[in-house]
Amino acid sequence: MSTELAIETTGLVKRFGHHAAVDGIDLVVPRGSVYGFLGPNGSGKTTTIRVILGLASASAGSVRLLGTAMPHDARNVLWRVGALVEGPAFYPYLSGAANLRRYDTANRQAPKDTRIARVDFALERVGLSHAAGKRVRAYSLGMKQRLGIAAALLAPRDLLVLDEPTNGLDPQGTREVRALVRSLAADGTTVFVSSHLLAEVEQICTHVGVMSNGRLVSQGTLDTLRGQTRPRLRIETLDPAKAMKVLDGLGLPDTRLESADGRPDTADSHLVSADLNGVAPEDACVALVAAGVRVRGLYTDHGSLEDSFVALTGEGFDVAG
Amino acid sequence: MSRADGGGLLVSELVTMFRRRRTIALLSVLAAVPVLIAVAVKLSTSDVQPGDGPAFLDRVSQNGLFVAVTALVVSIPLFLPLAIGVVAGDTIAGEAGLGTLRYLLIAPVGRVRLLLVKFASSIAFCLAATVVVAVSGAIIGAILFPVGRVTLLSGSTVSPGNALGRAALIAGYVTLSLLGMTAIGLFVSTLTEVPVGAMAAVVVLAIASQILDSIPQVSWIHPWLFSHEWLGFADFMRDPISWTSTQRDALLQLGYVAVFGALAYSRFTTKDVLS
Ligand SMILES: Nc1ncnc2c1ncn2[C@@H]1O[C@H](COP(=O)(O)OP(=O)(O)O)[C@@H](O)[C@H]1O
Ligand SMILES: [Mg+2]
C-alpha cells in the first residue's frame with residue numbers, strides 16, 4: 001500500500017437502510033495536495049468524511065488514512081488529522097479557549113505543557129484572540145466556524161479535513177479561509193476540503209473529486225479536469241429562440257440559454273451557448289446569419305469548470321439536494 | 001508528539017460538569033431538601049409522633065443530626081434519581097446532541113476511554129449529590145436543633161463524632177445503591193442523540209422499579225430490582241453495624257454495572273456517530 005496517499009478509499013459504500021449515501025467510491029488523495037471534494041448538497045460528501053474519520057462504519061470497502069487502516073488503527077493516526085465535519089460544535093456554556101482546551105485534552109497525544117500556548121496560537125491564526133474568553137453561546141455563526149477551524153489546527157497536522165469550511169462566513173471570512181488553506185498547504189499539510197460551491201475552492205485546489213448521488217463521477221488534477229471540458233460556442237443575439245433552433249439543426253449538442261447574471265446589456269440581447277462538437281465556429285456563424293439570426297457577438301471558449309461540473313453532476317452547485 | 005496526560009480528560013470532565021450551571025442547580029435543589037425539612041419541623045407547634053412522616057422525622061427535634069438521615073430518606077425515591085438521571089442520561093447523548101461527540105472521537109478520545117470517563121464522572125456526581133444532602137442536613141440540623149449523643153435504632157447511644165462517621169457510611173451506601181441506575185443511564189445515553197429523552201427514560205425506570213418493588217404480587221422480582229436495597233441503610237444505625245444489606249446491595253449494583261456497562265460498551269463502540 002502506498003504511503004504517498006493521504007486518503008485512499010477502495011469501493012467505499014455507506015448505506016442508510018436501502019439508500020446508498022456513498023456508493024462505491026475510490027478516492028485517491030495524494031500527500032501534499034489540496035483536494036477539492038465537490039458535489040451538490042446531499043451528494044454524500046459529509047457521509048464519506050464521517051466514514052474516513054471512523055465516526056461511521058463502512059457498509060463495504062476500505063479506508064486508509066495516511067497509510068493506516070481505518071477504523072482499525074484510528075488511535076494511531078487520528079491525532080495527526082485535524083477536521084471540521086458538518087459544521088463546528090462546541091459546549092455553549094464554555095469559553096472559546098476552554099472548548100479548545102477540552103478537545104485538546106481528549107487527544108491523548110497532545111502534550112499538556114504546551115496546551116495553553118497551542119490554544120492561543122490556534123485562536124490567533126483564525127483571528128479569534130479577542131473572543132477567547134467569551135462563552136461560545138455568544139459567538140456568531142462565523143465566529144463558531146472560525147473556532148471550528150482553530151480546533152482543527154490545535155496541533156501540527158499532516159492532514160486537514162475541512163467539510164464546507166466557508167459555511168456561514170462572509171466574503172472576507174471566505175478569503176481568509178482560502179489564505180489559511182494556502183499557507184497550511186505551503187507548509188506541506190495535505191488539505192481535503194469539501195464544498196458545494198465550486199468557486200469557493202477552485203482557486204486553491206490542486207486536485208478535485210466530484211461527487212454526484214453518492215458516486216465519484218470525476219477525479220484528478222485540476223488541469224486534467226479542465227482538459228476534459230469541451231469547447232463551446234457562445235453567441236450574443238437578439239433572437240435566442242431562432243439561434244438555438246439553428247444550432248440544433250447544425251447538430252450541436254447541449255444548446256443552452258445562459259442566465260443573464262452579471263451582464264449589463266441584457267435588455268434585448270441574450271447569451272446562447274452550445275457544445276461545438278467539431279463544427280467550425282465560422283460555419284456556425286454563416287448558418288446563423290443565413291437564417292436571419294441577429295448576432296451581436298460570437299466566440300468560443302473551453303467552457304468553465306462550472307460547466308463541466310454541471311455536466312458531471314447534472315445540476316447546479318447551489319441546488320439543494 | 002510525546003504521550004502525555006492520561007487522567008487529564010477525567011479532570012476536564014469533572015471541572016466541566018461541576019462548573020456547569022445545571023449541575024450547580026441540581027445540587028442546590030438537593031441541598032434545599034434538608035433545609036425544607038428542618039424548617040418545617042422547627043416551625044410546627046406539635047411534636048412529630050413516631051411513625052408520622054418519613055423515617056426518622058420524629059427524632060429530628062431531639063437531635064439535629066437526624067435531619068441528614070431524614071433528608072436522605074426523603075431524597076432517595078425521587079430527587080436523587082432525578083438528579084442522577086439528568087447527569088447519567090446526558091453523558092453520551094448530551095455530547096451527541098451538541099455535536100461535540102464527533103469532535104471528541106476524532107481528537108481522538110477513544111470510545112472506551114470516553115465511556116469510562118463518563119461513568120466515573122457520573123459516579124462522582126452521585127457521591128457529590130449524596131454528600132450535599134447529608135452535609136446540608138447536618139449543618140441545618142446543628143443550627144436549628146440541639147446536637148448531642150445519638151440514640152441508635154438498637155437503643156445504644158453514640159457520640160456525635162461517631163454519628164457523623166455513620167452518616168458518612170450512609171452517604172457511601174446511598175452512592176453505592178445508585179451505581180446500577182448510573183450504569184443504566186450510561187447505556188440509555190448511548191442509544192439516542194436526544195439527552196432529554198435519555199434523562200426521562202432513566203427517571204421513568206427508577207420510578208417503575210420502585211413501584212414494582214411495592215407490589216407484593218411480583219415479590220419474586222423484588223430482589224432483582226436495582227432500587228430494592230435503596231433504603232437498606234438503617235443497618236448503619238445499629239450497634240454493632242450490620243453489613244448484610246451492604247453486601248446484598250453491592251452484589252446487586254455490581255450486577256447491574258456489569259450488565260449495563262457491557263451493553264453500553266457494545267453499543268457505543270459500534271455506533272455510527274451521525275449527529
Ligand atoms: N443519518 C442519516 N440517516 C439517513 N440518511 C442520511 C443520514 N445522513 C445523511 N443521509 C443521507 O445521505 C445522503 C448524503 O448526505 P451527506 O453526506 O450529508 O451529503 P453532503 O455532505 O454532500 O451534502 C443524503 O441523501 C442524506 O439524506
Ligand atoms: Mg455536507
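Trainee: Which hand should I assign to the crossing where α6(B) passes α7(B), left or right?

Mentor: α6(B) passes α7(B) in a right-handed crossing. Please keep in mind throughout that this is a predicted model.

Trainee: At what angle do the axes of α6(B) and α7(B) cross?

Mentor: One reads the separation of the axes and their angle together. The axes of α6(B) and of helix α7(B), residues 160-177, come within 9 Å and cross at roughly 140°. That angle makes α6(B) oblique to α7(B), because the antiparallel class is kept for angles over 145 degrees.

Trainee: Which residues of α6(B) and α7(B) meet there?

Mentor: From α6(B) come Ile123(B), Cys126(B), Leu127(B) and Thr130(B), which meet Ala171(B), Val174(B) and Thr175(B) of α7(B). By class, this contact of α6(B) with α7(B) has five nonpolar residues, two polar and no charged.

Trainee: How do α3(A) and α1(B) lie relative to each other, parallel or antiparallel?

Mentor: The reading begins again with the axes. Those of α3(A) and of helix α1(B), residues 8-19, come within 8 Å, with a crossing angle of roughly 150°. The two helices, α3(A) and α1(B), are therefore roughly antiparallel to each other. Their crossing, α3(A) with α1(B), is left-handed.

Trainee: Which residues of α3(A) and α1(B) form that contact?

Mentor: On the α3(A) side are Arg102(A), Thr105(A) and Ala106(A); they meet Gly8(B), Leu9(B), Ser12(B), Glu13(B) and Thr16(B) in α1(B). The residues of this contact of α3(A) with α1(B) divide into two nonpolar, four polar and two charged.

Trainee: I now turn to pockets. What is the volume of the largest pocket, and which residues lie nearest its centre?

Mentor: The largest pocket has a volume of about 550 Å³. Its lining comprises 22 residues, and those nearest the centre of the largest pocket are Ala98(A), Ser12(B), Val15(B), Thr16(B) and Arg19(B). Ser12(B) and Thr16(B) belong also to the contact of α1(B) with α3(A).

Trainee: Which elements supply the lining of the largest pocket, and how do its residues divide?

Mentor: α3 of chain A, together with α1 and α2 (21-43) of chain B, each supply at least two residues. α1(B) gives the largest share of that lining, six residues. The lining of the largest pocket divides into five nonpolar residues, six polar and 11 charged.

Trainee: How does the second largest pocket read in these terms?

Mentor: The second largest pocket has a volume of about 450 Å³. It is lined by 22 residues, with Gly54(A), Pro71(A), Ala74(A), Arg111(B) and Thr269(B) nearest its centre. Two or more residues of this lining come from each of α2 (74-77) of chain A and α5, α6 (111-144) and α10 (244-270) of chain B. The largest share, three residues, is that of α6(B). The lining of the second largest pocket divides into 10 nonpolar, six polar and six charged residues.

Trainee: How many cavities of 30 Å³ or more are found, and what lines the largest cavity?

Mentor: The search of the whole structure finds three such cavities. The largest cavity holds about 150 Å³ of space. Of its 13 lining residues, Tyr103(A), Ala151(A), Arg157(A), Tyr103(B) and Ala107(B) are the closest to the centre of the largest cavity. β7(A) contributes the largest share of this lining, three residues. The lining of the largest cavity has nine nonpolar, two polar and two charged residues.

Trainee: And which residues line the second largest cavity?

Mentor: The second largest cavity, with about 40 Å³ of space, is lined by Arg75(A), Asn107(A), Arg108(A), Gln109(A) and Pro108(B).

Technical notes:
Residues numbered from 1 in each chain as written. Chains lettered and ligands numbered in written order. Predicted model: local features only at pLDDT ≥ 70, side-chain atom pairs only at ≥ 80, totals over all residues. Heavy atoms only, no water. 1 Å grid on protein atoms, 1.4 Å probe; cavity = no way out; pocket = protein on both sides within 12 Å on 5 of 7 lines; lining within 4 Å. Points joined across faces, edges and corners; volume = space filled by probe spheres on them. Helix = DSSP H or I, 4+ residues; strand = E, 2+ residues; numbered from the N terminus. Nonpolar A, V, L, I, M, F, W, Y, C, P; charged D, E, K, R; others polar. Axes fitted to C-alpha atoms, helices over the stretch in contact; angles between N-to-C directions. Parallel < 35°, antiparallel > 145°, perpendicular 65-115°, else oblique. Left-handed = near helix turned anticlockwise from the far one by under 90°. Contact = heavy atoms within 4.5 Å.
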